[in-house]
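The sequence and the model come first, followed by the description.

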Amino acid sequence: MIDDQPKTAAVLARFAPELELVEFGKGAEARNHARSWREAAPLLEARRGPDAVLLDLVFELVDEDLLPDERSLGDGAAARRLRRERRDRQGLYILERLRRRRPDLAVVLTTAYEEIPFEEEALSLKADAFTYAAGEEEATGEGLARLIRRVLLEREAPRRTGRFFWGVTPAMRELRRKVAALAPTPMPLLVTGPTGTGKSLLVRDVLHPLSGRTGALVGFDCATVPEGLLPAALFGALRGAFTGAVADRPGVFEAAAEGTLFLDEVENLSADAQKMLLTALNDGKIRRLGGAAEIPHSARVIAASNQDLGKRATEGAFRADLLMRLNPSLALELPRLADRRADLPELARAGLDGFCEDARHRRAIASLVRAAGGREPEGPFALAVSEEEARRVEASVVFVLPRKAWKAMERHPWPGNLRQFEMTLFDSLAAAVYSGAGAVIDRSGRAVIALDARLLFDLMAGARSAETGAGRLAFERPRAHTVARFRREVERAAMRALFQEAGGDFERMAEIMTGSRREARAVRLRFNKIGLSARGER
Amino acid sequence: MTAPAGGTRLRAEAAAAAARLRHDLGRYIRLSAPRVLESDTEKLRARLAFDVRATRSGESGPIAAPEVFDAWLREAARVFPRSGQLADRLAGVASAVEEIRALEPRLDSLPRVELERLDRLTREIAEGCARLWEAARGEGTGPK
């Protein structure tokens, strides 16, 4: 705990006696809180640092203990104002220092975001995946204890459940909380999110296993079954119910008895099928096509959609009452990959793990290493996201994403989300392993395999083309008062878009523009001439 | 119309001061409060003694809630207007503080009904500080 006051530590010790607060000072001076950054800093260098830091915002300290420069401010009105300001934002200064040393340490602010009187800082704290703030419910010691327990549990929780990767971004933390609360319930659920964000995986690897249901998970893609066959496929049919129904056949509702029925792309259900689904959800019974008997069903329904079902309901394309039955207010929404960039390094490493799960790929890697004169690889394979990181990684085989390519991957919009990111990585790994580019055995005997940056750029550019249409650029229409000005702004906007598409690589940009990398210098000159700078755009 | 620079600065200082009061007094005066009021009168008394008599600490030991407020007021009074919404909200907090000032010396012998009154006053202060901060923040960032 870093707090100039002893009270929070004392109260916390009472409400959460199981927490071990780190001691500072010795003998009679011993305290279970650090009063300043000066006192707290050495602890962060310790081999076993804290699991989490509790941090206050306002510190009534003397000048010499106040960040940013721990110096006397003197007297006078200006000094008093500066002192006051430093004291009021001391927690933020401390957090900034702390983040330089421990970017991923859980920090719990004992102040709500809304109470931080510096709006810009409060906003950036909200975006920090490892910083948590005590909200109104957590303003007392009892509430704070609850928050810390939750944070610690979250930190201990595995990063993945099955093949589903949770990551650390705030949107995924929120999703995890909702999943923990909703997965074991019998209520119908809706899973939403753009294509490729992992909706099916969430249902298969998380929601169904956590449901505690004894029956099977039955997946049903509402987009792939012809409209006329949907009712029979969902609810079953009796012999003779329609041409070709030569025998009684159960539908997926019955197949998912005591289990989970996963209706993917639910927006594709026909109006009839929607009505029948609503009746099944409301009554807990189904009726096979051609039959009169009502059969009770025990399947838990989880529907998924990449569409805005609320909007479709307003437009009359989806039944509003069915949407309400799917509990839209509790919908589990998967974020776009572009909104979880903090997860990208781990997702890349998970991508390598997935690649190496295939025995054929492992054999190909081993053969590559042997061909380079290395030993049969043993132990873990690793992925580094820069050349510098590659030097520090301990593994028998290290795949290296060139820094330039990785920076471009971090900035890329990934319109196809997680699926596209994984495919891009998979393709570049496969190219590195099978194209014979080769491994290098370094002095410590590790095999280092570099991924091809140009190929990664090409794969990403392909992804961008899929989003904007091959050969087309997308940018916002500029505003200008004159035609000449408009023409200039269009060129700037186009250059910017091309620069992003090329991942900031002028050779690649030249290739896209002219078909030749040799024009890179001319492109760069033009880029600068129209008032753009590579540094500014990066 | 643009406010004079001095006025803008005063409003910003008032917002910062209100945030500080919420932090130093509004939060600490109920830091030990449980979600459900203690049914045991002595536990209630002990909690109130801790939160009201040792709201914060200074070089010379515990600082009681009224003293925390007084110290804040000495520093912050000049940046608050004498009338209007902010002044009214500040007066609300000050009034609850005065009641606490009157009750606190007898805290060890107060009957339960008065302890509950004291508990309500701490809640009034916590909520009053929050409302003061909201109003100051609104004025500090200009018209909404």
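Which pattern does chain B follow, read along the sequence? Chain B follows the pattern α-α-β-β-α-α-α, with 5 helices and 2 strands. Helices (H or I, at least four residues) and strands (E, at least two) are DSSP runs, numbered from the N terminus.

This is a predicted model, in which local features need pLDDT of at least 70 and side-chain atom pairs count only at pLDDT 80 or more, while totals for chains, interfaces and linings use all residues. Residues are numbered from 1 along each chain as its sequence is written, chains are lettered from A and ligands numbered from 1 in the order in which they are written, and side-chain values use heavy atoms, with hydrogens and water left out.

**Chain B**

Of the 144 residues in chain B, 47% are buried. Buried means under 20% relative accessible area, exposed means over 50%, and partly exposed lies in between (1.4 Å probe, protein chains only). Among contacts (heavy atoms within 4.5 Å) in chain B between residues at least 6 apart in sequence, 68% join residues at least 24 apart.

Strand β1 of chain B (residues 56–58) holds Arg56(B). Arg56(B) counts as buried, at 5% relative accessibility. With neighbours within four places in sequence left aside, the contacts of Arg56(B) include Asp4(A), Gln5(A) and Glu60(A) in chain A, and His23(B), Tyr28(B) and Val68(B) in chain B.

**Where the chains meet**

On the side of chain A, 28 residues are in contact with 27 residues of chain B. The area buried between the two chains is about 2,300 Å², and carbon and sulfur atoms give 48% of this. Buried area is the accessible area (1.4 Å probe) that two parts lose on being put together, summed over both. In chain A, the residues that lose the most area to chain B are Gln5(A), Lys7(A) and Glu115(A), together 27% of what that side buries.

The rule finds 12 residue pairs in polar contact across the interface of chain A and chain B, both residues being at pLDDT 80 or more. A polar contact is a pair of N or O atoms within 3.5 Å; within protein, one must be able to donate a hydrogen and the other to accept it, and residues adjacent in sequence count only if both atoms are side-chain atoms. On the side of chain A that touches chain B, the elements giving two or more residues are α1 (7–15), α3 (77–88) and α6 (141–156) of chain A. The largest share, 6 residues, comes from α1(A). By class, that side has 8 nonpolar, 6 polar and 14 charged residues. Here Ala, Val, Leu, Ile, Met, Phe, Trp, Tyr, Cys and Pro count as nonpolar, Asp, Glu, Lys and Arg as charged, and the others, Gly among them, as polar.

**Salt bridges**

Side chains of opposite charge can pair when their charged atoms come close. A salt bridge is a side-chain nitrogen of Lys or Arg within 4 Å of a carboxyl oxygen of Asp or Glu. The count over all chains comes to 46 salt bridges, and the rule finds 5 across the interface of chain A and chain B. The table gives some of the pairs.

| Salt bridge | Closest N and O atoms |
|---|---|
| Glu75(B) and Arg84(A) | 3.4 Å |
| Lys407(A) and Glu410(A) | 3.4 Å |
| Glu491(A) and Arg526(A) | 2.7 Å |
| Arg117(B) and Glu99(B) | 2.6 Å |

Lys407(A) and Glu410(A) are 3 residues apart in helix α17 of chain A (residues 403–411), and so are separated by about one helical turn. Lys407(A) is partly exposed, with a relative accessible area of 33%.

Arg117(B) and Glu99(B) form a salt bridge. This pair links distant parts of the chain, 18 residues apart: Arg117(B) is in helix α5 (residues 112–140) and Glu99(B) in helix α4 (residues 85–103) of chain B. Salt bridges that share partners join Glu60(A), Arg84(A), Arg87(A), Asp88(A), Arg20(B) and Glu75(B) into one network.

**Local features of chain A**

In helix α2 of chain A (residues 37–45), the residues Trp37(A), Ala40(A), Ala41(A) and Leu44(A) are buried. Seen down the axis of α2(A), its buried residues fall within an arc of 110°, so they line one face of the helix. The arc is that of the directions from the helix axis to the C-beta atoms. What covers these buried residues includes α4 (90–101) of chain A.

The peptide bond from Leu67(A) to Pro68(A) is cis, with omega near 15°. Pro68(A) lies in the loop between β1 (52–55) and α3 of chain A.
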